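Subject: Structure handover

Hi,

Here is the structure I promised to pass on.

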Amino acid sequence: MEKIVAKISSSGKAEIFEESFMPYDLYLDVEDDNDIDVLVNNVNNFNHWCASRVLSLDRKYAKDILNSIGVMQAVTDKDRANISLSYRCVSLTDVYWVRNEGDRTTFDEINLYDNPLNEAIVELTLKGRQMTVTNQELAPDLSTRGCFPKAWIRCDSGFKLLKDGEAEAVKREVLASEICQCFDIPQVIYREHEYDGEIVSESDIITSKEYSMVSKMAFDIYACNHNLDTLEVCKEMDPVTYYGMNILDYLTGNTDRHPENWGFLVDNRTNKYVSLYPLMDFNQCFLSYDNLEGAKCQTVFPEQMSQKEAAQEAVKHIGLRMVREMDMKKFGDMEKEAEMFQMRLAELKKMVGER
């Protein structure tokens, strides 16, 4: 927000004013600013951090978005950093931003929580429509990662995230969310919504000026520099969300729990992590649903476990935490998926008796 945390020059010389408030995934070396390797690493680290606040280029419609702001399609970290810097690196995931020396802009003037978004950007980012826009207008969506079309919209109750990806992806995400709501595990709720005549999924924002998100991938950088084991931190700090994630991913056949798809909730007043953030992103569910074992679990690295093994291990630690039965009618014509869900649930219920 308004706290000046660090300063870096174009040559790579850095100063850190508030070490405890540094971004989790940004490391700047201030010990030896006469070493050319240190200076180059600082510039590279800063560019990479800025670039991470722009959408990934595997994102559907990414080329359309970049074309619309007149930016080359094959961009390097430096190119992408320049895109992000053009709107001061603001984001809806946290409260960090960047300004040039001498710039008197304040956080109140540019943060996305208080300042209006251009409705036209929803049209472009969600549906890939070409139009002429400015970098600043694109800021809200450029900081939203993932490979499916998505856009933030502001409403009376706050921000909503709309995701497209065609009917099947929306159907999977909403159905998976119905399953997850049968369990007392922190999660984002996905609802079916209509936007411009098309069915999309809708969910509420989980960040604010009070709380930010730090992905597991970003936290790994922090952990490496502070001699921490990320998974041990997860298990000790928030076992329900960590182990619950493995239970729900197994039951829904989620194949998309990569290190940028889960992580930590940070208190912006202290920059301290307080929990894992609610589980989200279920539009890649039911894709590894042809056997009881499931896919390889992505959240137990470096161990090697199937999703079934990871879910069984999770039940040993926190129980099943089931609060109601799933309404099987919600599966509709997805009969094979309904049968596999019941078989996987039965496997975990056995563990409850053995626990």
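Which residue in strand 9 does Asp267 stand opposite? That would be Lys272. Some background before the rest: this is a predicted model, so I kept local features to pLDDT of at least 70 and side-chain atom pairs to pLDDT 80 or more, while totals for chains, interfaces and linings use all residues. Residues are numbered from 1 along each chain as its sequence is written, and side-chain values use heavy atoms, with hydrogens and water left out.

Strands first. Helices (H or I, at least four residues) and strands (E, at least two) are DSSP runs, numbered from the N terminus, and two strands count as paired if DSSP finds at least two bridges between them. Strand 8 (residues 263-267) and strand 9 (residues 272-276) run antiparallel, joined by 4 bridges. Their hairpin has 4 residues between the strands, and Asn271 there takes a positive phi near 60 degrees.

Strand 4 (residues 158-163) pairs on two sides of my list. With strand 3 (residues 150-155) the pairing is antiparallel over 6 bridges, the hairpin between them runs through 2 residues, and Cys155 stands opposite Gly158. With strand 6 (residues 198-204) the pairing is also antiparallel, over 4 bridges, and Leu161 has Ser203 as its bridge partner.

Now the rings. The whole structure has 18 aromatic pairs, where rings of Phe, Tyr and Trp (its six-membered ring) pair if their centres lie within 6.5 Å; planes under 30 degrees apart are stacked, over 60 edge-to-face and the rest tilted. Among them is Trp152 with Phe159, edge-to-face at 6.4 Å centre to centre and 85 degrees between the planes; both residues are buried. Another is Phe219 with Tyr273, edge-to-face at 5.0 Å and 85 degrees. Phe219 lies in helix 8 (residues 216-225) and Tyr273 in strand 9, so this pair ties together parts 54 residues apart in sequence. Phe219 is buried at 0% relative accessibility, whereas Tyr273 is partly exposed at 25%. Ring pairs also link these two with Tyr24, Tyr222 and Phe264 into a cluster.

Finally, charges over rings (NZ of Lys or CZ of Arg within 6 Å of the ring centre and within 35 degrees of the ring normal). Lys3 has its charged end over Phe21, 4.7 Å from the ring centre, and Arg257 lies over the face of Phe282 at 5.3 Å.

Cheers

Conventions: Buried < 20%, exposed > 50% of the residue type's maximum accessible area, 1.4 Å probe, protein only.
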